[in-house]
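Me: Please take a close look at one part of the model shown below, and describe how its elements pack together. I would like a single connected account, with the criteria stated.

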Amino acid sequence: MTKCNQILDRVVLVKIQANIYGARKKLRKEDLVLADGSELPPEDLASLGSKRLLDPDQLADFNRLKKAAERHCLRVGTRFMGGFVVPVEHTDAIVSELEKVAQEFAVNKAKFLAGYDDAVRDWIKKHPSFAGIIEKAIDPMAYVATKLGFDFMVVAIRQPEASSPKDVARLEQQIDSIGGQLFHEVANDAELLLEQSLIGKDQVTRNALRPIKRIRDKLDGLSFLDYRVAPIVTWIDGVLQEIPNRGAIEGALLQEIMAMTMLLADPDKLRRHGEGLSSNPSKVTNDEDADDVLSSGHPASPISAAVIAPVQTSLLEPKEPPTVDPDDLFAGLLDDLFTDDDDEGEAQSFADIASRPVLPVAPPALAAQAYGSDNDNKPETHGTDESELPAEAVTEFWF
């Protein structure tokens, strides 16, 4: 099955045929009264336009019904080949709505034809100076009746199996254009929402955001037309979930909704946004690392982050300390302090020397053992000198 048929199997084509009497006729030269010396421009330069035969308000209901029928189709579908492609699952609902429009159109047609003659006379009375040119152009009621009508049909589209490669390429091009048309219609709806409900407002109600829900449902129903549509629907769902069930929508949430609507109102940027969402870029933070940070319950202090953590990591595999005889612990310590001629110094006992206080030189020694002589492996202290750290903090860590 080709890509075209995969899409066409999921939609139907709805064709609306709404004929509305124009009540206009071409304006002729003899209809105009020119001042002395005046002349009309040649036909290849300018046209004379048209003249109205009825009050336009007499036809307003028919135009309204035609637009209503189109809105029903556009709510769940998009324009295609002079009609509307609608998901198959919405066919029954669309047919029901269009039948209602057809019935109302027929009622208004009968009403209009019954008052047609009166409407013409009223129009002539309104423009008595031009009664002659109006009366000469009036159409008979039977003709007007043929120019008023509403009907529709629902058909399935299928690519013929014996299509030539050229015909297949032409149909594929038409199918590919449906996605672009969908983004264009979404942009129009979003732009209307911005102008009518969002721009210049510091707070709105939930009812004002109903168009966003309709946009979301339309995109969701036609997500098979373009791979970028589904992630956009998910993105919209995430914003809609933040809207409270009651109360006004304002502040940061309103700004977020406005930013989303502005993006929806730009079809090119919306396509690029869907492209980015569909690519599923890698997260900046690894999920496991994020879980570790969240489970700690509090951020690490500067000391622990810069000094303690690296040292603890390096101590996971400690080197075997050298074995030293206690009697040789201070071997050679007194060699440079006393000379051979000082017998009293030689007689000085080991116990007296050992009883003297020893300066806390262990931290640098342990640091050298942990990191070796390679300066590149030393932990970053973020500009904090180890000598500037509180003594109790260093003592507690090292021992």
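Reply: Helix 8 (residues 210-221) packs against helix 9 (residues 229-240) at an angle of about 150°, with their axes 9 Å apart. Helix 8 is therefore roughly antiparallel to helix 9. Helices here are DSSP runs (H or I, at least four residues), numbered from the N terminus; axes are lines fitted to C-alpha atoms over the stretch in contact, and angles run from 0 to 180 degrees between N-to-C directions. Roughly antiparallel denotes an angle over 145 degrees.

The model is predicted: local features need pLDDT of at least 70 and side-chain atom pairs count only at pLDDT 80 or more, while totals for chains, interfaces and linings use all residues. Residues are numbered from 1 along each chain as its sequence is written, and side-chain values use heavy atoms, with hydrogens and water left out.

Helix 8 passes helix 9 in a left-handed crossing, meaning that the near helix is turned anticlockwise from the far one by less than a right angle. In this contact (heavy atoms within 4.5 Å), helix 8 contributes Ile212, Lys213, Arg216, Leu219 and Asp220, and helix 9 contributes Val229, Ile232, Val233, Ile236, Asp237 and Leu240. These residues comprise seven nonpolar, no polar and four charged. Nonpolar covers Ala, Val, Leu, Ile, Met, Phe, Trp, Tyr, Cys and Pro; charged covers Asp, Glu, Lys and Arg; the others, Gly among them, are polar.

Helix 9 also packs against helix 10 (residues 251-264), at about 160° and with axes 10 Å apart, which means that helix 9 is roughly antiparallel to helix 10. Their crossing is left-handed. From helix 9, Trp235, Ile236 and Val239 meet Glu256, Ile257, Met260, Leu263 and Leu264 of helix 10. This contact holds seven nonpolar residues, no polar and one charged.

Helix 10 in turn packs against helix 7 at about 140°, with the axes 8 Å apart. Among the residues that meet are Ala190 and Leu194 of helix 7 and Met258 and Leu264 of helix 10. By class, the contact has ten nonpolar, one polar and no charged residues.

Helices 7 and 8, together with helix 2 (60-76), each supply at least two lining residues to the largest pocket, whose volume is about 570 Å³. Helix 7 gives the largest share, seven residues. Of the 18 lining residues, Arg71, Leu74, Asp189, Leu192 and Arg214 are the closest to the pocket centre. The lining has six nonpolar, three polar and nine charged residues. A pocket is an open set of points, on a 1 Å grid over the protein atoms alone, where a 1.4 Å probe fits, with protein on both sides within 12 Å along at least five of seven lines; lining residues have an atom within 4 Å of a point. Points are joined across faces, edges and corners, and the volume is the space filled by probe spheres set on them.

How values were computed
Parallel < 35°, antiparallel > 145°, perpendicular 65-115°, else oblique.
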